[in-house]
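I opened this notebook to keep track of what I looked up, one entry per topic. The sequence and the structure come before my notes.

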Amino acid sequence: MSDINITIVDREGVAHELVAPTDMNMNLMEVCKSYELPVEGTCGGMAMCASCQVYVETPEHFGERNEDEDAMLSEAFHVKKNSRLGCQMPITTDLEGLKVTLAPEA
């Protein structure tokens with residue numbers, strides 16, 4: 001089992017240092033939900049609602065948005081250049097040290 005360390009800053013500005021497993025095929029939205037952070041994931045991780053939008057604070061972890069993610073973010077509120085959908089960010093060892101901030105609720 002290989003775990004990574006990530007930091008999630010909630011909507012009140014509180015940083016949560018979390019450990020996330022890389023061997024369970026989870027995404028960032030699922031990790032947030034497992035730690036009971038206020039992430040909705042209304043669509044169940046299908047890139048159809050933007051309720052798991054985060055701002056990636058560590059540029060080296062931004063990765064690439066897929067077509068569905070780009071389309072959803074083009075219609076979402078509070079979108080920034082560093083916006084990603086947590087459901088579209090699989091937890092891999094490449095994300096060691098990731099820091100994100102939860103976007104405001106729409």
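Leaving aside its neighbours within four places in sequence, which residues is T22 in contact with? Before answering I note that this is a predicted model. I looked up the contacts and found S2, I4, I91, T92 and T93 for T22, once the neighbours within four places in sequence were set aside.

Next I asked where T22 sits, and I found T22 in the loop between β2 (15-21) and α1 (28-34). For S2, one of the residues in contact with T22, I also looked up the atoms, and the backbone oxygen of S2 is 2.5 Å from a polar atom in the side chain of T22.

I then looked for its partners: β3 runs antiparallel to strand β4 (residues 83-85), with three bridges joining them, and Q53 has L85 as its bridge partner in β4. Strand β5 (residues 99-102) is likewise joined to β3 by three bridges and runs antiparallel to it, and there I found T101 opposite Y55.

My last entry is on open space. I found that the largest pocket holds about 170 Å³, and that 13 residues line this pocket, of which A50, S51, P104, E105 and A106 are the closest to its centre. Sorting the lining by class, I noted eight nonpolar, two polar and three charged residues.

Notes:
Residues are numbered from 1 along each chain as its sequence is written. This is a predicted model: local features need pLDDT of at least 70, side-chain atom pairs count only at pLDDT 80 or more; totals for chains, interfaces and linings use all residues. Side-chain values use heavy atoms; hydrogens and water are left out. Helices (H or I, at least four residues) and strands (E, at least two) are DSSP runs, numbered from the N terminus. A polar contact is a pair of N or O atoms within 3.5 Å; within protein, one must be able to donate a hydrogen and the other to accept it, and residues adjacent in sequence count only if both atoms are side-chain atoms. Contact means heavy atoms within 4.5 Å. On a 1 Å grid over the protein atoms alone, a cavity is a set of points where a 1.4 Å probe fits but cannot get out, and a pocket is an open set with protein on both sides within 12 Å along at least five of seven lines; lining residues have an atom within 4 Å of a point. Grid points are joined across faces, edges and corners, and a volume is the space filled by probe spheres set on the points. Ala, Val, Leu, Ile, Met, Phe, Trp, Tyr, Cys and Pro count as nonpolar, Asp, Glu, Lys and Arg as charged, and the others, Gly among them, as polar. Two strands pair if DSSP finds at least two bridges between them.
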